[in-house]
Amino acid sequence: MKRLLAVALIVVSAVLFAFQAQAANEILVGCISDLTGTYAALSKQQVDAVNMAVDELNQKGGVLGRKFKVIVEDSATSVSLATQKLERLILDQKVDFVIPPTTSSAVLAMMPVALKYNKLMMVTLAQSMKITGENRNKVTFRCFANGEITGKPQSKWMVKNLGKKYYIIGADYAWPRSTAEVYTKFLKQNGAEIIGETWFPLGTKDFAPYFGKIRAAKPEVLLMICAGNDAVSLVSQVNRYGLGKQMKLAADGSLVSADIIKAHGANADGIIIADFYVSSLDTPENKVFVKNYMARYKDAPSKMALSSYEGVMWVAQAIKQAGSTDTDKMVKALEGSTYKGPQGSKKMGPDHQAALEVYMIQIANGGQYKILERAN
Amino acid sequence: MAKLNSGSNFKKTFLVHAIILAALAVLPLFLNGYHQKLAVEAIILSVFAMSLDLVMGYAGIATFGHAAFFGIGGYAMGVMLKFLFPSLWLGLILAGFCTAILAFLIGFVSIRAKGIYFAILTLAFAEVVYRIIFHSYNTPLGGSDGLVGVPTPMLHLGFFDIDLRNTVNFYWVAVAFAYLSYLVCKLIVGSPFGSILSGIRENENRVPFLGFNVKWSKVTAFVLAGIFAGFSGAMFTAFKTYADTEQLNFLLSGKVIVMALIGGIGTLIGPMVGAVVITIFESVISTYFRAHHLIIGALFVIVVIFMPKGLLGLFARKDRNNNGS
């Protein structure tokens, strides 16, 4: 019996190992997403948006007479699994391009693999500065914002409108630190000064000990950089201790992103951020997009959903222009191209980073995004 | 499993090894690119799981921080290949050196605690190592972004070079690496020192009366296990072209225990099989089911309850009766 069980296990794994699927004339979109783990919620939006984009493309008959098909792989918030899945999609499934997952470290590890097999990747969620710019590689593009896209115009706007003395509080890991560096650089360029910084460990529950130090420094603006549960705890305590009465509150957009804005309730009201997209954006294209997305998924699209949708559409446009799914031709078509989507019109820069329009946004009326003005 | 040096058994063992090695050698010719890559990863991880067996299976010491050595080995290889010198040999030497020192420090400090207290101390130390690397933002290690863009080296063998950028070449090197590691570990557990370890596992209090130093034997086992984990991590980084904090994480420490237990501890070969099974399962199942962690968890529970000696225990039993040992 036990031996039978063992043999059965081995047979099952062998069958799974050998199982392969091949598609004919379709344009295959490989979507690697962190569907299990920390980023499960926003990764689901990524997959939803990719599926929606592909369905819309297929309803119009596809591109070059070929329909699109999505192959979703779960990378489970793991770098090694993400690279394995990329190899599977490229070598086994022969996809035509890839939408990689949220985790920056995974995308950074995937980039050399994609380059080796000459396969296009359109980054729709990962934020690390290292993905584009001077460390870019030939096949990797990004239609999502990195820290500089929002940080640069936000810094300029804040110095003009909020004040010149800044105090930064953030979670102690690579992303907040690198984001803070961007803010510091641009705030200083605009003539402001950073009078203090506090870095708290991930998962901090009690922020009161930090507040004394912040108050004593007497900043004009408190700039908060963290996300997820940390953001919810920080914002609720900043509100309870009344810091907003002594200084202005500003943040990186992730502090009040769509996935946690409900958890903030009214606590986040008054906080000022810069971001490239909120679902309330008032353009005809966005109204159609939000309506369709709401009809399908019963929820407003986040900037992650928007970015994943636009990423697929942008590559599809490049395929049409190139007349082929050959990677070199797609790369050439993408470089310097302009795409107009729900978020607006944007150009793919020579650094492989899309130049996005950015808006100054204030949280108001119990967690609503109020667009103040265009920031760049 | 027969000893390596006993008459007719040696012939039989030699034959078995030769057949397994031959089968492994031709395997990549039947696999497509992705499965070849997966096979290399599984074989490299099998050495990691085997190294855990030295402390857990033979010396009977539970450790929850084994990934620290795998990760440090990986970072050592990454630093060597990317910043110092593109040589697999030097990377392995640096990995062995770093993990030996780290394992000695952790082992020496923690070994006065026993059982679960020791295990918790190893977890704590591993977490410290993880946090330090995780926050090494602005250093060449890259913090939580990982150390990426590690070049794959040539393997210099004196008279000729092997290009490891070719997956099949790397596969054969990985098989040789795993087999040599297995032989060395087999020699270790078959030596008088190995008997002391088994003695410690069976009855720690009696071993001192036989004139052996329990503490130093345990530390030595811990260091040896750390070194082999480091080698494995180093090979992993050389193959995957990155070192990431995930390789240091406690989740991996847990996964390697699952690998070892599913394969069957105290056999060396069992954990190797377990590592291969889990690696393939995880990668392949996650493609078809979202709840792949649940499936691996269920598999683990089934194996622990119904096959306490692991997958290998089912097949080894008959063999053991025949040998009468």
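## Contact between the chains

In this predicted model, 34 residues of chain B are in contact with 33 residues of chain A; two residues are in contact if their C-beta atoms, placed from the backbone, lie within 7 Å. On the chain B side, the elements that give two or more residues are helix 2 (33-58), helix 10 (269-288), helix 11 (292-306) and helix 12 (310-323). Helix 10 of chain B gives the most, with eight residues. Helices (H or I, at least four residues) and strands (E, at least two) are DSSP runs, numbered from the N terminus.

By class, the side of chain B that touches chain A has 15 nonpolar, 13 polar and six charged residues. Here Ala, Val, Leu, Ile, Met, Phe, Trp, Tyr, Cys and Pro count as nonpolar, Asp, Glu, Lys and Arg as charged, and the others, Gly among them, as polar.

## Numbering and confidence

Residues are numbered from 1 along each chain as its sequence is written, and chains are lettered from A and ligands numbered from 1 in the order in which they are written. Local features need pLDDT of at least 70 and side-chain atom pairs count only at pLDDT 80 or more, while totals for chains, interfaces and linings use all residues.

## Two helices in chain B

Two packed helices are described by the angle between their axes and the distance between the axes. Helix 3 (residues 67-84) and helix 8 (residues 214-240) of chain B pack at an angle of about 50°, with their axes 6 Å apart. Axes are lines fitted to C-alpha atoms, for helices over the stretch in contact, and angles run from 0 to 180 degrees between N-to-C directions. Helix 3 of chain B is therefore oblique to helix 8 of chain B (under 35 degrees is roughly parallel, over 145 roughly antiparallel, 65 to 115 roughly perpendicular and the rest oblique).

Residues making this contact include B:Gly73, B:Gly74 and B:Met77 of helix 3 of chain B and B:Gly230, B:Gly233 and B:Phe236 of helix 8 of chain B. The contact of these two helices divides into eleven nonpolar, nine polar and no charged residues.

## Domains and a sheet in chain A

Chain A is divided into domain 1 (27-145 + 284-355) and domain 2 (148-275), with bounds from an automatic or database domain assignment. Their contact takes eight residues from domain 1 of chain A and nine residues from domain 2 of chain A.

Chain A also has an open sheet of three strands in the order 11-12-13, with antiparallel pairing; two strands pair if DSSP finds at least two bridges between them. Four bridges join strand 11 of chain A to strand 12 (residues 344-348) of chain A.
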